[in-house]
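Student: I am new to this structure. Please pick one part and take a close look at it with me.

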Amino acid sequence: MLKDFRIRYRNMSLGVLWSLLNPLVMMGVLTFVFTRIFPNPNIPHFAGFVLCGIVPFNFFTVSWVTGTTSIVDNAGLIKRVPVPREIVPITSVLSNCVHLLVQMGLLFSVLLISGVSVNRQWLWLPLVWAMQIVFVCGLALFFSAVNVFIRDTRYLVESACTVLFWLVPIMYPFEWIPKKYIPLYELNPVAAQVMSLRRILLAGESPVGSTLAKLAGVSVGVFLFGLLVFRRLKPMFYERI
Amino acid sequence: MFQSVGKSFARHAGQMLIRERVMHLLRHKRSERFHALREISFAIGHGESVAVVGHNGAGKSTLLALATGLCEPDSGRVMVHGRAAALLELGSGFHPDLTGAENVRINAALMGLSRREVRRKFDEVVAFAEIGDFIDEPVRTYSTGMMMRLAFSVAVTVDPDILLIDEVLGVGDLAFYAKCQERILHFRDSGKTILCVSHSTATAMSICDRALWLDHGRLMADGPIARVMDSYTAAMTAHAEYSTR
């Protein structure tokens with residue numbers, strides 16, 4: 001059933017080419033700015049480095065925004081088919097995983113071209129991604145329910161994404177962050193994800209245990225909280241849409 | 001089965017921006033409720049076919065939505081046993097950008113069919129709908145009648161225990177209308193339960209043997225269709241005469 005549902009989204013969303021274009025352009029621009037305009041010699045493989053930030057960040061923002069509007073966008077379904085409501089935001093996130101796969105393919109190719117080799121630590125990747133998906137599903141559940149009652153929620157989410165672009169270590173390395181902000185950064189699952197990815201892919205080391213634990217804790221916590229709020233609000237969806 | 005069911009909706013449910021919310025809170029007004037259904041109680045037995053009649057806005061669609069489980073009652077209890085397939089408005093849950101075939105598969109799955117059942121019944125649905133090559137076109141290119149044909153085909157081939165119909169039969173052409181009616185009668189005769197909303201007295205009379213009459217959310221009458229229809233038409237005619245005078 002979940003699978004059938006995904007067809008709905010897949011056909012609506014952009015093709016493979018589009019999902020490659022955005023990260024490629026971003027990577028190109030950021031690489032140009034940070035190697036030509038502000039040269040920083042300490043970061044090797046800058047293109048790959050930036051892409052490690054862009055790919056999870058893109059997945060995060062796109063699924064957060066589409067997840068938030070999913071219930072309102074599928075009003076027809078909500079009003080007419082008694083399908084479990086939780087499926088709607090969750091499939092909207094899962095359908096974005098197709099793009100995630102494509103972009104990960106891009107990330108791997110860029111890394112291999114720039115001379116990074118495959119190592120055993122790559123086995124950590126599925127876990128790190130799974131945490132990210134659980135986290136975004138939780139956000140989607142929470143915000144899609146709230147968006148039914150307060151329709152400007154989506155604009156808040158979009159603004160938050162713009163702000164987050166600067167607060168997630170996308171174009172600067174984690175090491176440049178002042179010490180006192182580090183615990184805060186680790187609590188942000190997107191930042192934790194980017195940090196873990198870089199350790200795995202670029203340094204070839206296993207992700208830091210404490211970062212991983214925080215990532216898992218926050219992701220599962222957000223998911224459960226989102227589910228709770230969603231369950232509480234869903235009886236009112238019918239009359240509010 | 002409905003046990004003293006009440007359902008109300010918030011007035012001004014359309015205003016949902018933060019600004020409006022804040023203004024609302026500041027003014028400290030309790031939001032008014034619109035009572036779509038008040039204290040409705042009835043039980044429909046297995047194999048009964050029941051029509052729901054009433055003026056526009058009487059609460060007929062709300063009644064069906066409650067029976068389908070789309071929303072929950074504010075008071076009372078709704079109990080439904082068995083698989084209910086609802087034909088609520090046109091193209092219930094069809095996605096305009098997907099083709100007819102894709103929509104059939106998704107809708108059948110949404111109604112609780114397994115993938116194998118869907119594959120088995122797919123041809124039957126398409127044959128019944130008689131929309132030819134359009135099955136591979138996006139649903140947004142369909143005419144109202146075609147959309148209804150497809151929606152109806154899905155609903156009846158899913159083989160539900162309970163069929164809920166919300167005045168959709170009106171848009172089909174005569175041939176399809178006859179076919180639908182035949183199918184519904186067959187459905188009824190095989191002991192399934194039917195709950196249908198219709199403004200066409202003739203359709204309702206030919207399908208159902210019992211009727212519920214709703215007026216402003218209240219149950220005015222419940223009984224054999226001929227009797228209920230008589231008092232309903234009498235009331236409607238009286239009202240019409242009053243308003244034209």
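Tutor: A residue is called buried if 20 or more other C-beta atoms, placed from the backbone, lie within 10 Å of its own. By that count, buried residues make up 39% of the 241 residues in chain A. This is a predicted model, where local features need pLDDT of at least 70, side-chain atom pairs count only at pLDDT 80 or more, and totals for chains, interfaces and linings use all residues. Residues are numbered from 1 along each chain as its sequence is written, while chains are lettered from A and ligands numbered from 1 in the order written.

Chain A has 12 helices and zero strands (DSSP runs of at least four residues for helices, H or I, and at least two for strands, E). Its C-alpha trace spans about 60 × 40 × 35 Å along the principal axes.

Now for our close look, in chain B. Helix H3 (residues 100–110) and helix H4 (residues 115–129) of chain B have axes that come within 10 Å and cross at roughly 125° (lines fitted to C-alpha atoms over the stretch in contact, with angles from 0 to 180 degrees between N-to-C directions). On the H3(B) side, the contact is made by B:Val104, B:Arg105, B:Ala108 and B:Ala109; H4(B) brings B:Val118, B:Lys121, B:Phe122 and B:Val125 (C-beta atoms within 7 Å). Of these residues, six are nonpolar, none polar and two charged (Ala, Val and Phe count as nonpolar, Lys and Arg as charged).

Technical notes:
Buried ≥ 20, exposed ≤ 12 C-beta atoms within 10 Å, placed from the backbone. Contact = placed C-beta atoms within 7 Å.
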